[in-house]
Amino acid sequence: MFERLRHPIAAVAAAILLTFPFLVLFITHGLHLEPAKNIAPAVAVFVGGLAILGASFLLAWGAETAEKDVPTAFAIAVLAVLAVAPEYAVDAYYAWQAGIASGSSNAASLAIANMTGANRILIGIGWAGIALFTIYRAKTTNDAAVDHRSGFLTDVVTIDRDIATEIAFLLAATVFALFVPLGGTIGIFDTVVLVGLFVLYIAIIIRGDVEEVEEAIGVPAYFQEYQKLGRIAVVLFLFIYSGVTIYIAVHPFATGLEELGIGLGIPEFFMIQWLAPLASESPELVVVAYLVNKARSTAGFNALISSKLNQWTLLIGTLAVVYSIAAGHVDGLPIDSKQTAEIWITAGQSFFALALLANFEISAREAISLFGLFISQVIAEFYVIQTYTGSAQTELSIFILYAYAAVYMVLGGILFVKRRESFVELLGRTVSTAREAMDVGQPEHAD
């Protein structure tokens, strides 16, 4: 009996069972329509959270199984897109509302707030938290990516240099994002540039070779023994089932959190910017924690960077498209002074985080500083929202955002200068990878 429970299929069945309570309620109560009215918020959070947890494991197993047939970077990129798909749905909803309301400043600001909140959570909690978790788990997993050094909080997670391409593309998107607010909107030109960057990135990594990865264990190892058609069928099932489950479960999960937060007196804007994105980012964090727990910290960081890249390109880029469709004509999502500051602090945080990774490692001390800057800004802004009203609240909030944006940019600039040799290596590796990808399939010329 116990031997059967150890079988990989039993683990898959258990993960699927975690999704069933939500799916039953989804079918019987229509949670996708009015979750707060059809069921208690606490129940929505509980069953939605279980579904997200189960689906996240299925998603991770699907990505690991796929590494047998496609480049690891591409498998991770697909995983990242599916894991953060709910965030796209939430942001698209607010962009759509802004479009049909003829540029409603409230709906537009909520769309940008949700997008910037999601991006800052991914780095401030995701990157920082996973780095610290990796260092902690290395005590028992002997993760070769963790280098234990003498001194206080000096242990580091070393990043595979093959991630240079992801870091370089994310840096390009970050630099471009600094100029987006200058136009007063997130427009179609921004869509072309940002989506173009992501398409180019995918075109490069999909042409890479299928790498020899460490021998898989558990569920992925079991499925990788299938014949190729069987593996493809399993991967497609795991991706589709988990992707759909996460997509439909995040909305009631986030709505339940919002209802609980409102009951505690938390302002709506703060909820949309922080609690809703925290819910939608949870699948990604679960997947990465799973990878780190298996001593696959490189794959974990690759997933985090890929998620940030697709959110900082596709997510921003699609806002103008959704807004234009809803408005009935080509136009840009309007940006007010508050959201200009939100975009700049988000770009600043990204710039600083990339500077930390420029030398292909991140220490416990650096991870704590990344989290500390993030959480202190959130707390400071929450205090302002709770204490002040009207123009005083807006002015103080904008001041805090600009102050932190400046800190991020200055610290990032200093680090890039100090690590310029590593940065040059990073760019060189990216150019080399791009050239190799473009040369794939090209006929050799005779001498």
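**Loops, sheet and salt bridges**

Biologist: Starting with L153: at 31% relative accessibility, does this residue count as buried or partly exposed?
Modeller: L153 counts as partly exposed at 31% relative accessibility. Buried means under 20% relative accessible area, exposed over 50%, and partly exposed in between, with a 1.4 Å probe and protein chains only.

Biologist: What am I looking at, by the way?
Modeller: This is a predicted model, where local features need pLDDT of at least 70 and side-chain atom pairs count only at pLDDT 80 or more, while totals for chains, interfaces and linings use all residues. Residues are numbered from 1 along each chain as its sequence is written, and side-chain values use heavy atoms, with hydrogens and water left out.

Biologist: Back to L153. Where is L153 found, and what is its phi?
Modeller: L153 is in the loop between strand 1 and strand 2. Its phi is positive, about 55 degrees, although L153 is not a glycine. Most residues other than glycine have a negative phi.

Biologist: And F360, what's its phi near?
Modeller: Phi of F360 is near 60 degrees, again a positive value in a residue other than glycine. F360 sits in the loop between helix 14 (337–357) and strand 5, and counts as buried at 2% relative accessibility. Helices (H or I, at least four residues) and strands (E, at least two) are DSSP runs, numbered from the N terminus.

Biologist: Strand 5 keeps coming up. In what order do the three strands of the sheet run?
Modeller: The order is 1-2-5, in an open sheet with antiparallel pairing. Strand 1 (146–147) and strand 5 (361–363) are the edge strands, each pairing on one side only. Two strands pair if DSSP finds at least two bridges between them.

Biologist: How many bridges join strand 2 to strand 5?
Modeller: Three bridges join strand 2 (residues 156–158) to strand 5, and the two run antiparallel. V157 stands opposite I362 there.

Biologist: Switching to charges. How many salt bridges does the structure hold?
Modeller: Eight. A salt bridge here is a side-chain nitrogen of Lys or Arg within 4 Å of a carboxyl oxygen of Asp or Glu.

Biologist: Which residue forms a salt bridge with E361?
Modeller: R149, with the closest N and O atoms 3.1 Å apart. The pair links distant parts of the chain: E361 is in strand 5 and R149 in the loop between strand 1 and strand 2, 212 residues apart. E361 is buried, with a relative accessible area of 17%, whereas R149 is partly exposed at 35%.

Biologist: What about R161, which side chain does R161 meet?
Modeller: R161 meets E425 in a salt bridge of 2.8 Å, N to O. This pair also links distant parts: R161 is in the loop between strand 2 and helix 8, E425 in helix 17 (residues 420–439), 264 residues apart. R161 counts as partly exposed at 34% relative accessibility, and E425 is partly exposed at 28%.

Biologist: And E366?
Modeller: The side chains of E366 and R419 meet in a salt bridge, 2.6 Å from N to O. E366 lies in helix 15 and R419 in the loop between helix 16 (390–418) and helix 17, so the pair ties together parts 53 residues apart in sequence. E366 counts as buried at 15% relative accessibility, and R419 does at 14%. There is also one network, in which salt bridges that share partners join R120, K338, E342 and E381.

Biologist: Helix 15 again, then. What does the side chain of S376 reach?
Modeller: S376, in helix 15 (residues 364–387), reaches the backbone oxygen of G372 at 2.8 Å. A polar contact of 2.8 Å also joins the side chains of S376 and Y404. A polar contact is a pair of N or O atoms within 3.5 Å; within protein, one must be able to donate a hydrogen and the other to accept it, and residues adjacent in sequence count only if both atoms are side-chain atoms.

Biologist: Last one, helix 8: how many of its 14 residues are buried?
Modeller: 12 of the 14 are buried, so helix 8 is mostly covered. Among the buried ones are E166, F169 and F176.
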